[in-house]
Amino acid sequence: MSQRLRTFTGRLLLPFRFRRQLPEAAREILTRLTDAGHQAVLVGGCVRDLLLGRRPKDWDIATDLDVEGLRHLFPQGKVMGTDRKGVTLLIPRDGAAYEVTPFRGPTLAEDLSRRDFTINAMALLPDGRLYDPMGGTKDLAAGVLRACGDPGERIREDPLRMLRAVRLAAELSLSLEPSLAEALRMHAPTLAEVAPERIGAEFCRLMVTDRPAWGMERLRETGLLAVFAPELLEMVGVEQNQFHAYPVWEHCLLALALVPPELHLRLAALLHDVGKPRTVSVDEQGNRHFYRHEQVGAVMADELLTRLRVEAKVRERVVRLVRLHMDLHLEEGMGDAAIRRMINRIGLDLLPDLVQLRRADRLASGTRQGELGPDTIYLLRQVERILKEDAALKVTDLAVNGHDVVRVFGRPPGPYVGQVLQRLLEEVLEDPSRNRREWLLMRLEELARQW
């Protein structure tokens with residue numbers, strides 16, 4: 001369905017979608033405000049999403065009542081700061097929180113004119129009618145993201161809007177209106193004024209849209225990327241070798257588009273070769289190499305994601321994927337013991353993600369046929385066979401534990417316990433038949449005498 005037809009259909013169905021999807025708690029807030037003689041409307045992303053047939057994540061309300069009046073009407077509400085958006089009352093209902101904000105200006109029309117983009121400057125009245133003085137539906141139908149009024153003025157009010165513009169356009173398959181795109185280029189340096197965690201949050205939201213690679217190119221072209229992630233620009237124009245048809249930047253964008261929309265996978269795909277520009281070397285035959293780029297890249301990924309305040313759990317998983325993305329390879333003479341050690345090194349939890357990353361990496365090379373090479377397919381079959389054999393692949397799979405080590409060694413607990421268990425695991429990885437309690441206890445006795 002075209003964007004124009006989708007928007008036209010959405011407008012016809014808007015009252016029905018509004019009645020069906022509006023949560024009862026939001027309806028109660030609207031009713032209480034209107035019964036008290038005040039204007040109350042739904043605004044922002046929820047109106048846009050209803051038009052597009054998407055289920056809204058948030059239901060924001062705007063009203064002509066001031067904050068003091070809101071606090072009197074909703075005493076359980078919590079006032080949220082005085083930022084560029086003004087004061088908001090957060091009202092808890094049914095395990096969710098609803099934002100109610102006084103009009104920014106004397107009228108609803110004035111409030112909407114001061115919002116960021118026309119597609120976010122529509123209001124839905126309590127009876128289901130649409131109020132759209134800024135032409136948001138027209139821009140949605142045309143597939144254009146346009147600022148409300150002067151783009152530069154909207155950006156000066158909050159520079160994060162530049163990053164949000166790219167993210168929204170990527171998410172909704174819109175193009176940037178020319179004057180807005182020019183304003184992004186002109187005001188890009190002011191993004192440095194924004195807190196890193198706000199930048200990181202928008203950047204992560206861009207990563208899981210349907211067009212993350214398109215969004216990354218817009219960030220590069222407008223100069224926004226240079227402000228918050230300049231190390232990524234090092235990949236631009238860096239040629240690779242005979243195994244890749246594309247330079248590093250284009251290769252990573254292709255890989256980014258080829259993994260599922262899970263944040264850690266998207267970030268790992270974008271960053272998996274970020275270390276190549278810093279490790280490039282050329283041998284006597286003119287062949288280019290990138291030795292240890294995965295190690296250098298893991299450090300760079302860690303620094304970038306830490307700087308952007310990305311959640312620690314996500315950051316750690318991305319760093320592991322970048323560091324290990326070269327490890328899923330079949331080496332000559334690789335037997336079961338080596339494969340078990342590889343599984344242990346990678347970790348069972350990371351193996352499915354590493355397969356996804358390996359697939360995207362291969363397809364994005366532009367020179368190889370098939371999603372996975374025959375060696376990788378063979379290796380994965382061997383991994384699957386070994387997993388079915390229920391082999392011990394990590395310390396917790398051993399038939400003994402730390403308590404056994406402490407008892408046999410006759411010492412208080414300490415770092416040696418983990419070291420001993422790791423030693424036992426290495427021996428079991430070599431020969432799984434050793435993972436018997438009697439054998440491991442005997443081996444503990446031997447190690448206690450030698451340690």
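## Working through a predicted model

The sulfur of Cys252 lies 17 Å from the closest cysteine sulfur, the one in Cys204, and that's too far for a bond. Before you start: this is a predicted model, where local features need pLDDT of at least 70, side-chain atom pairs count only at pLDDT 80 or more, and totals for chains, interfaces and linings use all residues. Residues are numbered from 1 along each chain as its sequence is written, and side-chain values use heavy atoms, with hydrogens and water left out.

**Cysteines**

- Start with the cut-off: a disulfide is a pair of cysteine sulfur atoms within 2.5 Å.
- Now check Cys204: the nearest cysteine sulfur belongs to Cys252, 17 Å away, and Cys204 is in no disulfide.

**Strand E1**

Find which way the side chains of strand E1 point, and which strands E1 pairs with.

- Strands (E, at least two residues) and helices (H or I, at least four) are DSSP runs, numbered from the N terminus.
- E1 covers residues 40–43; Ala40 and Leu42 point one way, Val41 and Val43 the other, and all are buried.
- Two strands pair if DSSP finds at least two bridges between them.
- E1 pairs with E2 (residues 60–63) in the antiparallel sense, over four bridges, and Ala40 has Thr63 as its bridge partner there.
- E1 also pairs with E6 (residues 123–124), again antiparallel, over two bridges, with Leu42 opposite Leu124.
- Follow Thr63 onward: its bridge partner in E5 is Pro102, and E2 and E5 (residues 96–102) run parallel, joined by three bridges.

Decide how helices H1 and H3 are oriented towards each other.

- H1 (residues 3–21) and H3 (residues 45–52) pack at about 115°, with axes 5 Å apart.
- Axes are lines fitted to C-alpha atoms, for helices over the stretch in contact, and angles run from 0 to 180 degrees between N-to-C directions.
- Angles under 35 degrees are roughly parallel, over 145 roughly antiparallel, 65 to 115 roughly perpendicular, and the rest oblique.
- So H1 is roughly perpendicular to H3.
- Contact means heavy atoms within 4.5 Å; H3 makes this one with Leu50, Leu51 and Leu52, while the H1 side includes Leu14 and Phe18.

**The nonpolar core**

Find which residues touch the most other members of the largest nonpolar core.

- A nonpolar core is a set of buried Ala, Val, Leu, Ile, Met, Phe, Trp, Tyr and Cys residues joined through side-chain atoms within 4.5 Å.
- The largest has 131 residues, and Met216 and Leu232 touch the most other members.
- Helix H8 (residues 160–172) gives the most, with nine residues.
- Leaving out residues up to four places away in sequence, Leu232 touches Met216, Leu225, Trp249, Leu270, Leu271, Val274 and Leu304.
- A second, separate core of 10 residues includes Val41 and Val43.

Note on methods
Buried means under 20% relative accessible area, exposed over 50%, partly exposed in between (1.4 Å probe, protein chains only).
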